[in-house]
Amino acid sequence: MNTTENNIDFNSEINPKIKRFGYAILLINIILSGFIILYFYFTYFSQPVAELVVQNRKWTIALDSVQNDKVDLKKLSKEVATLAQQFQNLTPSQPYIVVNTTYNRFRLYKNRKQVREGFCSTGSYTLLKSHDKRQWIFHTPKGMYKVLGKVTNPVWRRPDWSYVEEGLPIPSANDPSRWEAGVLGDYALSIGDGYLIHGTIYKRFLGMPVTHGCIRMNDDDLEAVYKTLELESKVYIY
Amino acid sequence: MSLFMRKPIKITLYTTAILVVIVAVTYTILKVVAFQKAINNVEQYMTNELDKRKKTIEWVAEPDSNIKSLLIQKAYYQALLTASKSDSIFLAINIPDSSISLMIKGVVAHRAKAEQVKVSPLFSAINPPLLIQGLSVPFTISKHTSTIPKVPLMVKIAPRDTSEYTPDVIPDTTDLDPVNFILELKPNILLYFYESNPSQSSDGFNQFKFDLRERTWTVVQDFKRISKLKTPVYKPYIRFRLNKKDAKVIYRAVPEHGQVILRLE
């Protein structure tokens with residue numbers, strides 16, 4: 001073996017077991033790197049590369065299309081204007097309110113212009129399960145509703161869930177103890193299915209999803225909404 | 001001879017490199033084929049939808065830009081009016097002004113501005129008159145995935161009596177969860193809504209994880225198809241980056257199988 005200082009064969013000094021282990025690790029690393037390169041190519045680059053071959057399609061007509069030599073510009077402009085008008089007419093000219101249940105905000109509109117905005121409280125998305133297998137979901141329904149009724153000094157008739165929620169015995173349907181005055185504020189607007197826009201004594205919760213489905217507002221906002229919205233006014237909830 | 005120049009290592013290195021290139025090229029070629037198939041798929045879907053509604057393509061020669069713009073507007077309004085007939089909330093996406101509007105019966109309930117929009121080149125490969133007319137029909141959401149629950153439901157077991165009753169605590173309304181979601185429309189069109197400027201580093205990492213998981217899922221599905229000697233699927237997409245609050249509002253409000261209107265030009 002040549003062991004001169006200028007010509008050292010390092011390999012001969014490595015334990016063959018360690019050498020084999022080193023090779024194995026290196027081979028695995030090479031193969032693994034290949035997989036990693038492929039993985040990132042597949043996930044991030046293959047699609048953009050495939051998209052490079054795309055060419056903008058030229059204007060061609062299907063055989064079954066209606067054959068017109070020319071588009072009548074005047075007629076087309078009129079059609080577009082009519083459609084635009086039809087679409088604009090979908091926004092009510094009467095007052096309406098839009099309620100955002102994700103962030104518990106409302107916007108009030110009059111003459112298609114926003115006249116007020118503020119905090120409200122909407123459904124908590126709680127699923128209440130009673131021990132007798134009944135259950136209720138406290139959410140504010142989304143979509144378009146109409147003001148079906150307006151009352152001042154509303155009185156709340158406590159439903160069954162309000163007793164179940166507090167672990168209280170449920171009184172009979174017509175029990176006078178069900179009626180509570182003063183908890184819904186000075187006004188209430190009904191939007192159907194028992195859902196109301198009303199006031200609250202829990203003002204610190206405004207802006208939070210805490211209700212059983214109704215829309216709660218502070219006194220000033222509620223008064224403005226009550227005075228602005230009429231019967232049949234639209235309520236948009238999203 | 002250096003350790004790194006050993007023959008087996010060299011062979012492994014070259015073989016791996018060649019295999020990587022072969023697999024990558026094959027997959028890319030299959031993706032190109034998938035892309036062409038996707039064009040046919042979208043065109044077929046649009047043709048069927050137009051047939052269902054007895055709508056026809058009514059022009060023959062390539063129109064000038066004025067007429068083309070009017071045709072696009074007409075299709076957009078037609079789609080808006082069609083979607084407004086239904087009771088549910090729908091999404092109107094206007095790419096030229098990067099706006100995403102939540103509408104109820106044609107009334108704009110919420111409007112968001114996307115900070116970035118990236119549209120799949122597939123849309124420019126569709127026959128333009130068919131694309132214009134095809135967009136006059138709303139799309140339907142077929143699937144959705146997200147980093148937040150669609151319905152933030154909390155289950156509460158009623159107390160047996162007043163001694164078990166505890167008043168509700170103030171709900172946690174801090175927006176800590178990152179908001180990223182994907183809506184899949186028929187026919188396989190993907191709308192990605194990603195939170196722009198994730199507020200915390202963990203949000204950014206979660207977004208990367210969510211995105212990588214989706215991409216990995218696509219690749220896995222592709223390889224499943226390839227193993228059955230089928231071409232992979234190319235899904236046209238539109239990617240949006242928008243404000244976290246807007247993203248959350250849109251995801252929570254849009255119905256599971258709601259309608260989406262697209263205006264691309």
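Q: Why is Asp87(B) called exposed?
A: In this predicted model, Asp87(B) has a relative accessible area of 57%. Exposed means over 50%, so Asp87(B) counts as exposed.

Q: What makes Lys105(B) and Asp87(B) a salt bridge?
A: Their side chains meet at 3.5 Å, N to O. The cut-off is within 4 Å, so the pair qualifies. Lys105(B) lies in the loop between strand 2 and strand 3 of chain B and Asp87(B) in the loop between helix 2 and strand 1, so the pair ties together parts that are 18 residues apart in sequence.

Q: Why does Lys105(B) count as partly exposed?
A: Its relative accessibility is 22%. Buried would need under 20% and exposed over 50%, so Lys105(B) falls in between.

Q: How do you know that Lys156(B) and Glu165(A) meet in a salt bridge?
A: The N to O value is 3.9 Å, and the rule asks for within 4 Å. The pair crosses between chains, from strand 6 of chain B to helix 3 of chain A.

Q: Why is Glu165(A) called buried?
A: Glu165(A) has a relative accessible area of 8%. Buried means under 20%, so the term applies to Glu165(A). Lys156(B), at 17%, also counts as buried.

Q: What makes helix 1 of chain A roughly parallel to helix 1 of chain B?
A: The two helices pack at an angle of about 20 degrees, with their axes 9 Å apart. Angles under 35 degrees count as roughly parallel, which means that helix 1 of chain A is roughly parallel to helix 1 of chain B.

Notes: Residues are numbered from 1 along each chain as its sequence is written. Chains are lettered from A and ligands numbered from 1 in the order in which they are written. This is a predicted model: local features need pLDDT of at least 70, side-chain atom pairs count only at pLDDT 80 or more; totals for chains, interfaces and linings use all residues. Side-chain values use heavy atoms; hydrogens and water are left out. Axes are lines fitted to C-alpha atoms, for helices over the stretch in contact, and angles run from 0 to 180 degrees between N-to-C directions. Helices (H or I, at least four residues) and strands (E, at least two) are DSSP runs, numbered from the N terminus. Angles under 35 degrees count as roughly parallel, over 145 as roughly antiparallel, 65 to 115 as roughly perpendicular and the rest as oblique. Buried means under 20% relative accessible area, exposed over 50%, partly exposed in between (1.4 Å probe, protein chains only).
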